[in-house]
Protein chains: 6
Amino acid sequence: MRPITITPDYMPTAEGSALIEIGNTKVICTASVEDGTPAFMRGSGRGWVTAEYAMLPRATVTRTPRELNRGRPSGRTAEIQRLIGRSLRAVVDRDKLGERTVHVDCDVIQADGGTRAASIAGGWVAMAAAVKQLHDYKAIRELPLRAYLGAVSVGVVAGRPLLDLCYEEDSRADVDMNAAMTSAGEFVEIQACAEGRAFSREQLSELLSLAEIGIEQIIQKQKDAIKI
Amino acid sequence: MRPITITPDYMPTAEGSALIEIGNTKVICTASVEDGTPAFMRGSGRGWVTAEYAMLPRATVTRTPRELNRGRPSGRTAEIQRLIGRSLRAVVDRDKLGERTVHVDCDVIQADGGTRAASIAGGWVAMAAAVKQLHDYKAIRELPLRAYLGAVSVGVVAGRPLLDLCYEEDSRADVDMNAAMTSAGEFVEIQACAEGRAFSREQLSELLSLAEIGIEQIIQKQKDAIKI
Amino acid sequence: MRPITITPDYMPTAEGSALIEIGNTKVICTASVEDGTPAFMRGSGRGWVTAEYAMLPRATVTRTPRELNRGRPSGRTAEIQRLIGRSLRAVVDRDKLGERTVHVDCDVIQADGGTRAASIAGGWVAMAAAVKQLHDYKAIRELPLRAYLGAVSVGVVAGRPLLDLCYEEDSRADVDMNAAMTSAGEFVEIQACAEGRAFSREQLSELLSLAEIGIEQIIQKQKDAIKI
Amino acid sequence: MRPITITPDYMPTAEGSALIEIGNTKVICTASVEDGTPAFMRGSGRGWVTAEYAMLPRATVTRTPRELNRGRPSGRTAEIQRLIGRSLRAVVDRDKLGERTVHVDCDVIQADGGTRAASIAGGWVAMAAAVKQLHDYKAIRELPLRAYLGAVSVGVVAGRPLLDLCYEEDSRADVDMNAAMTSAGEFVEIQACAEGRAFSREQLSELLSLAEIGIEQIIQKQKDAIKI
Amino acid sequence: MRPITITPDYMPTAEGSALIEIGNTKVICTASVEDGTPAFMRGSGRGWVTAEYAMLPRATVTRTPRELNRGRPSGRTAEIQRLIGRSLRAVVDRDKLGERTVHVDCDVIQADGGTRAASIAGGWVAMAAAVKQLHDYKAIRELPLRAYLGAVSVGVVAGRPLLDLCYEEDSRADVDMNAAMTSAGEFVEIQACAEGRAFSREQLSELLSLAEIGIEQIIQKQKDAIKI
Amino acid sequence: MRPITITPDYMPTAEGSALIEIGNTKVICTASVEDGTPAFMRGSGRGWVTAEYAMLPRATVTRTPRELNRGRPSGRTAEIQRLIGRSLRAVVDRDKLGERTVHVDCDVIQADGGTRAASIAGGWVAMAAAVKQLHDYKAIRELPLRAYLGAVSVGVVAGRPLLDLCYEEDSRADVDMNAAMTSAGEFVEIQACAEGRAFSREQLSELLSLAEIGIEQIIQKQKDAIKI
């Protein structure tokens, strides 16, 4: 696991925020609370959590053109922001949140592998700070957080399972997995894929064990950053 | 597992095609072969496989507006077509394919749960037929297929692991997983997510065992439909 | 006229539906009823009928890229769906329909010429089934259908008027005409165009006579499929 | 027929241009010649003619928002510009034009019914001037124009056939027809539609006779404006 | 200064309109009054003025493709219409206007330099006519116009300050400035830019003096066109 | 003038970069060098400099939705990135740069007024570092920079001229001006606008004098950050 740094309250204007750094990967995460929920769940009394993900053009080694210039998010961006949103919702008690929407924005300043995992972990800190503020201001009665939530990328590179792949490792990986796990040791998301080579249940098991090790370290940093 | 029917060569105009039916879910899959590959891999000597996924507006119980009218694929569509494309590429030897692109189109005629899994399984049949044709026409020397490829959705509903969720079950699921596995018994994709409730490694293991059972049935139907 | 087959109730989830096959041309038509009408006619007490038209990418001999990828319907699609919608509205008593919208979706599964005419004819069956259901459920008092409605393509190919052009004939046609006619023998749409060669009133008259012959056959099939 | 005025060479910067006024309807038409043709006909040695149609926002009695603001042409615009383009191509010998594209732009300054017919008639004058210039400059050997081309709208209003409908008549019409006819008395486009009431062949015949009368007047004005 | 012609009431359908010609530059300006204001100022009791700017494709010496075909305004268009809108708002008392929106449309028929300045000056005439009509109809108590408003482009070409640049001069300019000034001799917009060569405060001062001379002439023509 | 901090080489992956902070306003600026230039100047032997500007959603006190979600840059963004690009080009000798494009990306992390001026000043540092690297690597013979370039916002608030407006002051300003000036004391851009109240030449002169004072401070910080 590369060094992990979480700087809470990185953006003073936001209800919640954090800068998360994992090795050279850096993501600014903010959480913004808005009254009301999207149309499809209006009137349900439950809240919603949604995430957006973007990279600065020069977060990457060569410049990546802004998606705005082609007018729509790439498939990769769409996939990632759905992953982040689902993961975060899985640890939120949306009844306790009430009819509010938490927008979690994850903007990658520097990308060296593992940006989606870092976004989940940093996004959780931002979200936790925002809902804690709601609770402190007595806008909600109970803190709607079920657990801490960490995430990490693991993979099989040159036949060996590896934890927390940097960009160079990721680009050579035969199997690539992202896992998100709660402080209760349960998973909320597992996405494993084999562009290079199919994988066995044994390999999957090894990767999950590695992921658990990495996520525990991340959750420890979250606990240092914010108490819930 | 609901009844599975695979009708190969469903679209006579395409290089490869299949209608796959799993319960009330029906997907038309076609494979179209084109010379050349996308810009990012031109000149590599390797081929590419890409997938697109769409639903007829009335594939669903109430009409779903066409994505064309908002001008871009939804996040869900983007996520699904990336999943299908990655899964199919994992069983193709792209060096043997040469600088060609196989476009796999999965159009859902009727949607009753499991459309992404059905698209992978049906898309594989269409793709296999298309590359067999290339081989029969001696455009390529060796068949670039490493294995059959099945996929299925499984989930935890009301605390019980279930195989092959229909729409109604899917909408109540606490955990939802899609798995794609080859005829060699190895996985190429696992996507497990917990909107409702986090899951343990034991539950994941049960779900994988269920998925194996379902996928073996699907692969048997693929073997009946096409020999590779 | 090529063989005509109309399979009513092809999509059990829709309020009305039909598969129409004319030669190798196959179109799935569905009708979905929605309360309310578009903004421009709200409060008028009258209903609306609108149509959308699309082709599966591999409905054609070579793959046609999805219009979604360029973010908007092509001019051809826009032109066709306006034609279908206008034709269907011409045989509906919109006062009797009340403030409801009938969405008719015409999805071409296989395209061998005459897809817009087949869409009108098949769309009529879907729409008729949907409004009959409204009537059966006593949501409306009187059936708001003025007549059956058939449509056909005719053209001048190599100097000779031809009925029901297949794709190969259509691509060689000097004059191309689509006509939609009611069971009362009156026209609701005539679109004749000369990309190759201008046409006289005599030729137009011959084409109309041919169209009448073809449409009568189609209406007979509609009568077999659904009684109004 | 309302008064017709054609002002040739209205836009000195363009290769060909005209202002056409029919009653209160005013359209600026320009023709721009460009080397080369669209990808689908490259290398054929033949030319192409294409048309675009737009309205100033205040061409209408109440302001119509610019289509640019919703990012794509409306279905109506798409339908009209295809009609204009097809009509103009029908009187051009594209072999004689060579691998050139003529862009005909029809911008409606004031709209009081019949804008698509006026665009065809005015667009023809602009196009004729542009190809004459090519001929004068000896860029092409023979003038690639087969005939003059007029167009008019006719309709059935309150049961009576009417020539050259203004906006107010058009909005009450039961049948609406646009016809384009050459100076040889042959048709290149007929589009008749019945939103209000279906029409018989006799009514169609009456409308065509009326259209012939109107178009002859328009072609006379074209002959006054430009000699071919 | 090239010859200036302002034709008020050029578009009889609009609440206010003018054709402004400055040399070969011609712009049709219309003002449309709508009840209500954009969401961000609703309920404030104040009005809003907004402008849109477009060019006919053949306003320029070679054809400029319509922005509609790429689906969004160019940066240049966005910049210009913001400039026009801001300038016009600066001379309107929006409290006196009440909760109304004035849409000012500036459509360039012919472009020979100075189109944005001409749009401001012509747009002012259209807007003034529209608000005068509101006042005449007693919809508002006081005329909400603070002053006449002219605008002009000036620049440094080959080292010499020039007034009212035509296209050919503009394309060679080292410094390019647009200024908008009221009949009280005060400025509402100054935009000076140096693509070729930086400029001193002395040069800026000379350019402003030239601009004052030109704008006074324009305001004189506005006074001839409309009295406020 | 609020405190100014410029951190050069803030993004190690980019050819040139800087973090600029002016009070609470923070902008990450990067410069990326690419071979070749846009189509309109290809083959001229000259280079190009272009800028893009964006804000993180939570750079502002309340969350601003991403422009990507509406599919196109706002008019404000378009206006700003044109301003930055023009300003930077004005101090670059594009002949010496050769056929290369420098993309300058300005991403606002926190916005408290003056973001466009900060983007110009920080963008200049990033650009200067990138072209210095080209020179160090002997890709170009002479450094193509004519001068340092600072920029600042000034305005009239409550009747008094103010230097370096923060957001709160900016929102109350009667006159708002952005100026960009070189280390030679010459201007490259002046944009002054009066939404609230028109301004005299005397006021303009006062604002320019204030701007000069602020820009000199900024250029001093640029000199500390990078030597050219």
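Let's start with one pairing: which residue of strand 3 of chain D stands opposite I22(D)?

Modeller: That's T25(D). Before going on, a word on the ground rules: this is a predicted model, where local features need pLDDT of at least 70, side-chain atom pairs count only at pLDDT 80 or more, and totals for chains, interfaces and linings use all residues, while side-chain values use heavy atoms, with hydrogens and water left out. Residues are numbered from 1 along each chain as its sequence is written, and chains are lettered from A and ligands numbered from 1 in the order in which they are written.

Back to your pair. Strands here are DSSP runs of E, at least two residues, and helices are runs of H or I, at least four residues, numbered from the N terminus; two strands pair if DSSP finds at least two bridges between them.

Strand 3 (residues 25-35) of chain D also pairs with strand 5 of chain D, again antiparallel, over ten bridges. There, E34(D) stands opposite T101(D). Strand 5 of chain D in turn runs parallel to strand 4 (residues 48-55) of chain D, with eight bridges joining them, and Y53(D) has C106(D) as its bridge partner.

Put together, chain D has an open, mixed sheet of five strands in the order 1-2-3-5-4. Strand 1 (4-8) and strand 4 of chain D are the edges: each has a single partner strand, so one side of each lacks a neighbour in the sheet. On average, neighbouring strands are turned by 15° against each other, direction ignored. Axes are lines fitted to C-alpha atoms, for helices over the stretch in contact, with angles from 0 to 180 degrees between N-to-C directions.

Two helices pack on this sheet. Helix 1 (residues 75-89) of chain D touches strand 4 and strand 5 of chain D, its direction making about 145° with that of strand 4; contact means heavy atoms within 4.5 Å. Helix 5 (residues 201-225) of chain D touches strand 1 and strand 2 of chain D, at about 25° to the direction of strand 1.
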